[in-house]
Amino acid sequence: MMLISKIIRVKWRLAQKLFIPSSIIGGVIALLIGPDILGRIGSALGADGLAEGGLFTPEILDVWKTLPGLLISLVFAGLFMGHRLPSPKEALRVAGPQISFGMTIASGQYVVGLLLAILVLVPLFNVPVWTGTLIEIGFEGGHGTAAGMADTFADFGFAEAQDLALGLATVGILSGVIVGIALINWGVRRGKTEILRNDAKPTVAEQAGIVEKDRRRAAGTLTVQPSSIETLTLHFGLLALGVLIGWLMLTGLQWIESKLWADSFELFTYVPLFPIAMVGGIIVQVAIQSFDRDEIVDQQLIERLQGFSLDVLVIAALGTLSLSAIASNIGPFLLLAGAGLAWTVGAFIFLAPRMLPNFWFERGIADTGQALGVTSTGLILLRVVDPNLETPAYSAFGYKQLLLEPFFGGGLITAGVIPIIANFGVGWVLGPMLVLFVASLSIGILYFGRQRTTGQTLPRAEVPAG
């Protein structure tokens, strides 16, 4: 599926112009030739051999269904591994406005989604009220987060929420690129961009997803002798160590919960592993910064392992997506997708100019792309409007990711909101999110938004893959 989808990306002009990731193409192909589409067609035509798995066997699909929950922990364990962790003071100085804007978008997705659930989804469609959190899980979190929370959805009685979240993630990543490119063209025509003065025209190779020969760089560096241990094995081991530490932490928290308050409510029982694996990865990175004097950890190799895991995860998740589950909940799905898209794009158009003191378009488009899709979507849009990284957007975006990723977009908050709502009620999430939304919006408009400055550059920061 990966190889076929890459060939299609190289040959299909529409996919190139829209910058559709090959993993999305591969996942859609797997869905088309799987049991939900080809299998149903074959069954209707009497080809019973296709009914169970399409062109796949049921055993293949059983394995695919387990992959997302495993691989998302590797992705999150490596989010900060190999990246120098800045001091809080340094990160806040560079990325204060970006943090305020990013937190406004993320908390706003919760507020919009939960209000939509309370006022419309629950009365009309009789779905759980926590269905409103799927906007943030699917858009800000993406396919990995949606797939990784499958057990949580099932534990609270609405397993179909995983298919809705995966569908929202697909809508988000596609609209992130399509709407993002449209916004860039609008910004250039209206003179809102600081760097671009003409329509952005990526090269043919960039559209095909190929790196030109004169611009190619190494995908990683050999940091240890292969005769002792393969470098890739070493880096995989570090990721596995981060996951192991996270598993030990989560198991310990679940044990403490079972002894102290499990009779009243349960929270950590339903928290998936991947956000705690991210904490494990941070612990490993702290140890690396303290003891790795020979610099044997290569950031690019960590990113390659993350990228591989994410590609396989997306194809496996989309290939096992249940269209029947989405069809049976098409009303909530369309309302959640429309509300999430309207809020996120509206925040960019109306709030970014008032919250970001300089280079608002460049800085805002990166956050908008990331809030709809994934980090790479935001970076694609940022490189289109700021190809030579002349603005502070790259640095600010990188530090913002370091501070917000542990909590939103698959972090601790994302993992905990559904158990909190189920145990205590929706007000325990809606209230704090509304306070956070008002606070971050107010700080952005009343403090950072008034610090208008002329163009300036800031130190470059590393941007976690994701």
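The model is predicted, with local features requiring pLDDT of at least 70 and side-chain atom pairs counting only at pLDDT 80 or more, while totals for chains, interfaces and linings use all residues. Residues are numbered from 1 along each chain as its sequence is written, and side-chain values use heavy atoms, with hydrogens and water left out.

**Stop 1: the second largest pocket**

Select Lys65, Ala147, Ala150, Asp151 and Gln162, which lie nearest the centre of the second largest pocket. A pocket is defined on a 1 Å grid over the protein atoms alone, as an open set of points with protein on both sides within 12 Å along at least five of seven lines; a lining residue has an atom within 4 Å of a point. The volume of this pocket is about 620 Å³, a volume being the space filled by probe spheres set on the points, with grid points joined across faces, edges and corners.

The lining of the second largest pocket comprises 31 residues. Two or more of them come from each of α4 (35-44), α5 (58-77), α7 (134-148), α8 (150-155), α9 (161-189), α12 (273-291) and α13 (299-319). Helices here are DSSP runs of H or I with at least four residues, and strands are runs of E with at least two, numbered from the N terminus. Colour α5 separately: with eight residues, α5 provides the largest share of the lining.

By residue class, the lining of this pocket holds 16 nonpolar, 10 polar and five charged residues. In this scheme Ala, Val, Leu, Ile, Met, Phe, Trp, Tyr, Cys and Pro are nonpolar, Asp, Glu, Lys and Arg are charged, and the others, Gly among them, are polar.

**Stop 2: helix α7**

Where does α7 bend? The bend is at glycine 142 and amounts to about 135°; such a bend is the angle between axes fitted to the seven residues ending at a position and the seven starting there. The end C-alpha atoms of α7, which has 15 residues, are only 13 Å apart, short of the 21 Å that a straight helix would reach at 1.5 Å a residue. That expected span is 1.5 Å times one less than the number of residues.

Because 15 of its 15 residues are buried, α7 is largely enclosed by the rest of the structure. Buried denotes under 20% relative accessible area, exposed over 50%, and partly exposed in between, with a 1.4 Å probe and protein chains only.

**Stop 3: the largest cavity**

Select Gly176, Val179, Gly180, Leu183, Val345, Ile365, Thr368, Gly369, Leu372 and Leu381, which line the largest cavity. A cavity is a set of grid points where a 1.4 Å probe fits but cannot get out. The count of cavities of 30 Å³ or more is one, and the volume of the largest cavity is about 30 Å³. Helices α9 and α16 each supply at least two of the lining residues. The lining of this cavity contains six nonpolar, four polar and no charged residues.

**Stop 4: buried polar side chains**

Move to glutamine 98 in helix α6 (residues 88-125). At 0% relative accessibility, glutamine 98 is buried. Which partners does the side chain of glutamine 98 reach? One is the backbone oxygen of arginine 363, at 2.8 Å. Another is the side chain of aspartate 367, with which glutamine 98 makes a polar contact at 3.4 Å. A polar contact is a pair of N or O atoms within 3.5 Å; within protein, one must be able to donate a hydrogen and the other to accept it, and residues adjacent in sequence count only if both atoms are side-chain atoms.

Threonine 344, in helix α15, is likewise buried, at 0% relative accessibility. The side chain of threonine 344 reaches the backbone oxygen of glycine 340 at 2.8 Å.

**Stop 5: two loop residues with positive phi**

Select glutamate 295, in the loop between α12 and α13. Its phi is positive, about 55°, although glutamate 295 is not a glycine. Glutamate 295 is exposed, with a relative accessible area of 62%.

Phenylalanine 359 lies in the loop between α15 (330-355) and α16 (360-372). Phenylalanine 359 has a positive phi of about 50° and is not a glycine. Is phenylalanine 359 buried or exposed? At 9% relative accessibility, phenylalanine 359 is buried.

**Stop 6: serine 395**

Finish at serine 395, in helix α18 (residues 393-404). Serine 395 is buried, at 2% relative accessibility.
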